[in-house]
Amino acid sequence: MGKQKLVMVGNGMAGVKTLEEVLKYAPDKYAITVFGAEPHGNYNRIMLSPVLAGEMSLPEIMLNDVDWYTDHHITLYTGRKVIEIDRIRRIVRADDGTEAEYDRLLLATGSTPFILPVPGADLPGVIGYRDIADTEAMIEVARTHRQAVVIGAGLLGLEAANGLVLRGMDVTVVHLADWIMERQLDKPAGDMLQASLEAKGLKFFLNAQTTELIAGEDGRVAALKLRDGTTLPTDLVVMAAGIRPNTELAELAHLHCNHGIVVNDTMQSVTDPRIYSIGECVRHRDVSYGLVAPLFEQAKVAANHLAGFGIGLYEGSVTSTKLKVTGIEVFSVGDFAGGEGFDEIILHDQAGGVYKKVVLKDNKVVGSVMVGDTTDGAWYLQLLREEKDVTEIRDHLMFGQSFAQSQQKDPHSLAASMPDTAEVCGCNGVCKGDIVRAIKEKGLTTVEDVKKHTKAAGSCGSCSGLVEQILVSTVGGTRAVTDKHSKPICGCTEHSHGTVRQAIRARKLLTIPDVLHELKWNTPNGCATCRPALNYYLISTWPHEAEDDAQSRFVNERSHANIQKDGTYSVVPRMWGGLTTPDELRAIANVAEKYDIPTVKVTGGQRIDLLGAKKADLPEIWSDLNKAGMVSGHAYGKSIRTVKTCVGAEHCRFGTQKSMDMGVKLEKMLFGMWSPHKVKLAVSGCPRNCAESGVKDVGVIGVDSGYEIHVAGNAGIKTEVAQFLCKVETEEEVKEYSGAFLQLYREEGYYLERTVHYVDRVGMEHIKQKVLENAESRKALYARLLYTLKDEPDPWAERVKQQDLRKQFIPLTLAD
Amino acid sequence: MSDTTAKLVWHHVCAVEDIPKLGARRLEETPHGPVAIFRNNEDEVFALLDRCPHKNGPLSAGIVHGRSVTCPLHNWRIQFEDGQAMEPDVGCTRHFAVKTEDGQVMIQL
């Protein structure tokens with residue numbers, strides 16, 4: 001089947017980002033043609049300001065040079081403007097007559113600077129500030145002329161003015177409003193910023209409306225006249241009074257436009273579904289964006305659909321602004337103006353040049369504006385996005401995240417502001433500086449790369465969110481950081497966890513070689529990352545049918561003991577519900593002595609750990625423990641671990657339910673259960689919750705009329721309180737509901753997702769729907785779990801008895 | 001402990017079948033320390049010192065893939081051919097000559 005034709009009109013950042021995403025996910029789907037009006041490949045338009053200021057050079061801001069297009073077999077027509085779209089015959093035509101057919105059309109025509117409709121606007125020396133040509137023109141004028149006026153003191157105007165000042169020009173900024181950057185700043189912030197900029201040599205005229213541009217003798221612009229009569233001599237006029245989406249082409253093609261090409265949540269034109277549009281030329285839910293982050297989000301969604309996945313949705317973005325005028329930091333987000341009905345918290349240090357304002361409504365951050373110190377910008381943005389209730393931290397909200405950190409660990413907003421010496425990865429001792437260095441020196445672009453090269457996020461993984469943020473802030477947010485849904489399992493495949501699980505189910509795959517073959521793995525035997533995942537997916541999807549490959553299990557699960565740093569192992573016999581007997585304790589003590597176990601430790605899971613056992617001794621140790629009636633505690637697996645209990649109604653004067661009893665019943669029910677990651681339960685006899693059910697994967701709390709069930713808690717990596725699922729009346733119901741939830745997690749979870757990550761991903765609503773609202777679904781899930789665990793043997797006893805399973809513990813010697 | 005001028009001799013270790021496919025057995029008490037004997041999916045046999053160049057982890061307990069193994073302690077990947085760690089890790093563990101004869105594994109020590 002031949003390739004479909006994708007034509008893109010426009011060659012800017014948002015458009016090319018879309019192409020990059022499409023090539024990543026469907027590299028062979030399209031023959032791609034690009035029409036760009038400018039004579040260059042794709043460059044970072046945002047970096048034009050550092051170029052103007054002399055801080056960067058043009059080659060440095062190229063994102064995709066001409067070779068990139070050739071390498072990806074993209075036909076690139078530069079310097080050609082598309083002037084017509086024939087939607088019936090599906091052809092676009094450029095100004096030089098070049099035509100291209102399309103199956104899908106991507107309009108990324110960007111925006112154009114608004115040129116004031118005043119006399120003299122077309123004189124030489126009057127330019128917009130949009131592209132490389134404008135920038136080069138300004139640099140040229142700065143070489144030979146002195147005076148410049150910038151019309152517009154918005155984001156772009158101030159950057160232009162600053163650049164020209166650094167190039168040696170005498171610059172005046174003329175602005176219509178009362179204060180500068182009035183779209184992002186309130187008056188105090190605007191005034192403070194103006195003072196800082198005036199200190200750098202910029203001059204300002206506010207409440208000033210330009211009425212005429214006057215030519216000099218040489219025909220070039222020589223002066224600018226304001227409404228109040230003031231005349232400013234100038235050699236250069238930069239129009240930075242706003243941008244307008246470039247909809248000329250779309251309008252000619254009768255696509256619905258309204259201050260931009262109107263698109264829906266899948267980035268398709270509402271008029272013609274074959275035509276996608278992203279970027280500054282777009283109008284989405286009545287908003288047009290001019291900042292890169294939302295445009296990249298749009299690009300990813302458009303690419304998702306163009307690649308044929310059809311699941312991306314763009315619902316709009318919450319944006320924040322960070323100004324890049326060298327030396328002066330400015331940040332703005334949301335409803336920063338405040339006023340009636342809002343709470344404002346303000347820190348205003350005139351002499352120190354710091355202004356910070358946080359606007360709250362109903363105890364949530366709804367906006368913020370800062371000048372001089374924007375360290376906490378990312379944090380306020382996060383709080384705003386999360387709609388977090390900040391009542392508890394309100395008192396120190398103004399003093400910043402690092403101050404509030406002790407109360408609220410939120411790694412995601414630390415990235416930009418943390419110092420290079422700050423430790424990011426506690427497991428491997430990697431600090432931010434190491435990561436940033438590796439990213440820059442080796443050109444890393446994904447968390448996987450950072451993991452490989454620095455070991456950060458390579459162990460427990462709890463810092464991977466922060467690593468991701470550091471990556472984005474170091475690389476400048478111009479690269480995609482893929483989300484869990486589409487991320488490949490490992491380097492052996494392009495497939496994500498979801499795709500693989502689905503395929504195993506849909507095609508009834510029963511062995512790992514089947515999966516590697518069917519899904520076209522690019523390695524012959526996979527790797528240490530995918531093999532254990534595949535093994536789990538197979539046995540959990542097709543219990544008692546799929547092959548359980550010991551060689552694809554991590555050593556702990558293969559050997560049914562935890563490997564320690566010196567190659568010895570730990571042995572943890574099961575103590576149901578944390579209960580034991582004198583005989584069991586004696587058996588443990590005897591084993592400890594007989595096999596010279598160096599360390600005997602009580603675990604958090606309410607049992608005893610024998611640490612330092614030699615591998616060759618394991619079968620004998622197990623045999624001795626089996627004789628005392630003890631079986632494997634599965635302390636080593638991505639499996640059920642323990643069901644902790646508190647004393648409960650049996651003895652405790654407060655207990656409302658018999659928690660020890662319930663705990664033992666649950667543990668016996670779940671014995672031998674393999675899961676995407678470890679699973680820990682607890683049963684408390686009353687709401688005092690002494691068994692800490694609030695931070696368990698499934699936590700049961702006895703109440704007067706029955707039991708509360710809470711799920712998806714976590715006491716470790718990402719400490720999260722469990723969410724309330726339901727209340728039930730009987731022990732049997734506790735087993736049914738807990739079992740159903742766990743089975744759902746087993747069937748849908750991605751390998752190495754704890755229940756907290758899983759529920760975060762699918763949402764509590766989904767859980768409730770499958771486990772609470774739909775009784776049939778719940779009973780079926782429960783039945784499938786029980787079926788899976790039917791007659792589950794003690795893995796220790798198996799290995800004691802069966803010679804072939806015992807082999808792995810027996811070392812070879814040369815005398816053999 | 002080992003005499004570097006001693007002549008290398010072939011020793012019988014075990015049957016190929018004694019080593020699980022995509023797995024390993026550990027050979028103890030050699031003059032050089034413990035040796036991991038690997039068998040890959042193509043029934044090729046390899047031998048490395050059973051100590052990861054990183055922190056001496058038991059490579060014999062790792063997951064085998066292609067012609068390499070992932071150390072169970074900290075996930076270093078070691079190539080069978082020459083005992084070298086795969087990038088970006090740097091390190092090397094000793095490898096030994098190994099062959100199969102009539103389904104029996106022989107090692108040169």
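What follows is a chat about a predicted model with chains A and B.

Colleague: Before we start, what kind of model is this, and how do the numbers and letters work?

Modeller: This is a predicted model, where local features need pLDDT of at least 70, side-chain atom pairs count only at pLDDT 80 or more, and totals for chains, interfaces and linings use all residues. Residues are numbered from 1 along each chain as its sequence is written, while chains are lettered from A and ligands numbered from 1 in the order in which they are written.

Colleague: OK, chain B. How many helices and strands does it have?

Modeller: Chain B has zero helices and ten strands. Both kinds of element are DSSP runs numbered from the N terminus, helices being H or I with at least four residues and strands being E with at least two.

Colleague: And what percentage of chain B is buried?

Modeller: Buried residues are 43% of its 109 residues. A residue is buried if 20 or more other C-beta atoms lie within 10 Å of its own, exposed if 12 or fewer, and partly exposed in between, with C-beta atoms placed from the backbone.

Colleague: Where does chain B touch chain A?

Modeller: In chain B, 26 residues are in contact with 22 residues of chain A. Contact means that the C-beta atoms of two residues, placed from the backbone, lie within 7 Å. The elements of chain B giving two or more residues to that side are strand 1 (10-15), strand 2 (23-30) and strand 5 (63-65).

Colleague: Which strand gives the largest share?

Modeller: Strand 2 of chain B, with seven residues.

Colleague: What classes of residue are on that side of chain B?

Modeller: There are twelve nonpolar, nine polar and five charged residues. Here Ala, Val, Leu, Ile, Met, Phe, Trp, Tyr, Cys and Pro count as nonpolar, Asp, Glu, Lys and Arg as charged, and the others, Gly among them, as polar.

Colleague: Switching topic: which residues have the most contacts inside the largest nonpolar core?

Modeller: Those are A:Val711, A:Phe741, B:Ile37 and B:Phe38, in a core of 86 residues. A nonpolar core is a set of buried Ala, Val, Leu, Ile, Met, Phe, Trp, Tyr and Cys residues joined through C-beta atoms within 7 Å. Helix 21 (residues 731-748) of chain A gives the largest share of this core, seven residues.

Colleague: What does A:Phe741 touch?

Modeller: Leaving aside neighbours within four places in sequence, A:Phe741 is in contact with A:Val698, A:Val711, A:Leu725, A:Ile767 and A:Val771. There's also a second, separate core of 67 residues, which includes A:Leu52, A:Val126, A:Leu236 and A:Phe336.

Colleague: Now helices. How do helix 11 and helix 12 of chain A cross?

Modeller: The axes of helix 11 (residues 432-442) and helix 12 (residues 447-454) of chain A come within 10 Å and cross at roughly 110°. So helix 11 of chain A is roughly perpendicular to helix 12 of chain A. Axes are lines fitted to C-alpha atoms, for helices over the stretch in contact, and angles run from 0 to 180 degrees between N-to-C directions. Angles under 35 degrees count as roughly parallel, over 145 as roughly antiparallel, 65 to 115 as roughly perpendicular and the rest as oblique.

Colleague: What about helix 18 and helix 19 of chain A, at what angle do they cross?

Modeller: Helix 18 (residues 582-594) and helix 19 (residues 618-627) of chain A have axes that come within 9 Å and cross at roughly 160°. They are therefore roughly antiparallel to each other. A:Ala587, A:Asn590 and A:Val591 in helix 18 of chain A meet A:Ile621, A:Asp624 and A:Leu625 in helix 19 of chain A.

Colleague: Is A:Lys601 buried or exposed?

Modeller: A:Lys601 is exposed, because it has 11 C-beta neighbours inside 10 Å. A:Lys601 lies in strand 32 (residues 599-602) of chain A. Apart from neighbours within four places in sequence, A:Lys601 is in contact with A:Asp609 and A:Leu611.
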